[in-house]
Amino acid sequence: MPSFDIVSEVDKQEIRNAVDQVNKEVTTRFDFKGSDARVEQADFVLTIYADDEFKLGQVLDILRTKLTKRNVDVRCLDNDQTEKISGNKVKQQVTVRTGLETDLAKKIVRAIKDSKLKVQASIQGDSVRVSGAKRDVLQEVIQLTKNVIDDFPLQFQNFRD
């Protein structure tokens with residue numbers, strides 16, 4: 001029986017490379033001369049440090065640009081509130097969301113069931129497994145899922161006949 005998995009994954013090494021590029025660019029740019037702007041990574045949590053809110057926004061824009069160039073979808077970034085630290089300095093945590101959260105997985109399964117296509121969708125951990133009798137129906141499910149979920153990056157993997 002043909003099947004595939006709907007997942008949301010991000011390559012951690014590409015994030016590391018993008019963070020390194022951002023830090024290198026910030027140290028060489030003239031408008032950041034003498035500032036303490038940087039990005040630190042701890043697993044899938046990025047912490048952006050800057051002298052003020054404006055520079056924080058600039059570093060965040062540079063980060064988004066570098067991630068996009070490395071084929072990491074920026075829709076998976078979840079920005080927290082900006083925090084003030086010593087003096088004028090500010091920091092912001094950006095979480096890189098991986099895996100399908102339960103609410104999103106339920107929304108995908110509900111959309112597939114409401115479409116009345118002859119497939120079975122089941123939540124398996126942080127992915128959704130879809131299986132059906134024909135390949136064409138599975139391809140319809142992929143198109144349906146792309147149309148329904150447009151605010152979160154999804155990948156379709158493990159397609160089997």
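This is a predicted model: local features need pLDDT of at least 70, side-chain atom pairs count only at pLDDT 80 or more; totals for chains, interfaces and linings use all residues.
**Notebook: helices, a sheet and overall shape**

I looked up the hand of the crossing next. Helix 1 and helix 2 cross in a right-handed way.

Which residues make this contact? From helix 1 I listed Ile 15, Ala 18, Val 19, Gln 21, Val 22, Glu 25 and Val 26. From helix 2 I listed Val 59, Ile 62, Leu 63, Lys 66 and Leu 67. Sorted by class, the contact between the two helices has nine nonpolar residues, one polar and two charged.

**The sheet**

Then I turned to the strands. A reminder I jotted down: strands of a sheet pair through backbone hydrogen bonds, either parallel or antiparallel. Here I found an open sheet of four strands in the order 6-7-1-8, with antiparallel pairing.

Which strands stand at the edges? They are strand 6 (119–124) and strand 8 (155–160). Each has a single partner strand, so one side of each is left without a neighbour in the sheet. I also noted the twist, which averages 20° from one strand to the next.

I picked one pairing to follow in detail. Strand 1 (residues 3–7) and strand 8 run antiparallel, and four bridges join them. Looking across from Ile 6, I found Phe 156 of strand 8 standing opposite.

**Helices across the sheet**

I checked what lies over these strands. Helix 3 (residues 102–114) lies across strand 1, strand 6 and strand 7 (127–132). I noted its direction too: helix 3 runs at about 170° to strand 6.

Helix 4 (residues 135–148) lies across strand 1, strand 6, strand 7 and strand 8. Against strand 8, helix 4 runs at about 170°.

**The whole chain**

Reading along the sequence, I wrote the pattern down as β-α-β-β-α-β-β-α-β-β-α-β.

Last, I looked up the overall dimensions. How does the radius of gyration of the chain stand beside that of a compact globule of 161 residues? The globule would have a value near 15 Å, but the chain has 20 Å. I also took down the box filled by the C-alpha atoms, which is roughly 65 × 25 × 25 Å along the principal axes.

Methods
Residues are numbered from 1 along each chain as its sequence is written. Side-chain values use heavy atoms; hydrogens and water are left out. A crossing is left-handed if the near helix is turned anticlockwise from the far one by less than a right angle, and right-handed if clockwise. Helices (H or I, at least four residues) and strands (E, at least two) are DSSP runs, numbered from the N terminus. Contact means heavy atoms within 4.5 Å. Ala, Val, Leu, Ile, Met, Phe, Trp, Tyr, Cys and Pro count as nonpolar, Asp, Glu, Lys and Arg as charged, and the others, Gly among them, as polar. Two strands pair if DSSP finds at least two bridges between them. Axes are lines fitted to C-alpha atoms, for helices over the stretch in contact, and angles run from 0 to 180 degrees between N-to-C directions. The radius of gyration is taken over C-alpha atoms; the globule rule is 2.2 Å times the number of residues to the power 0.38.
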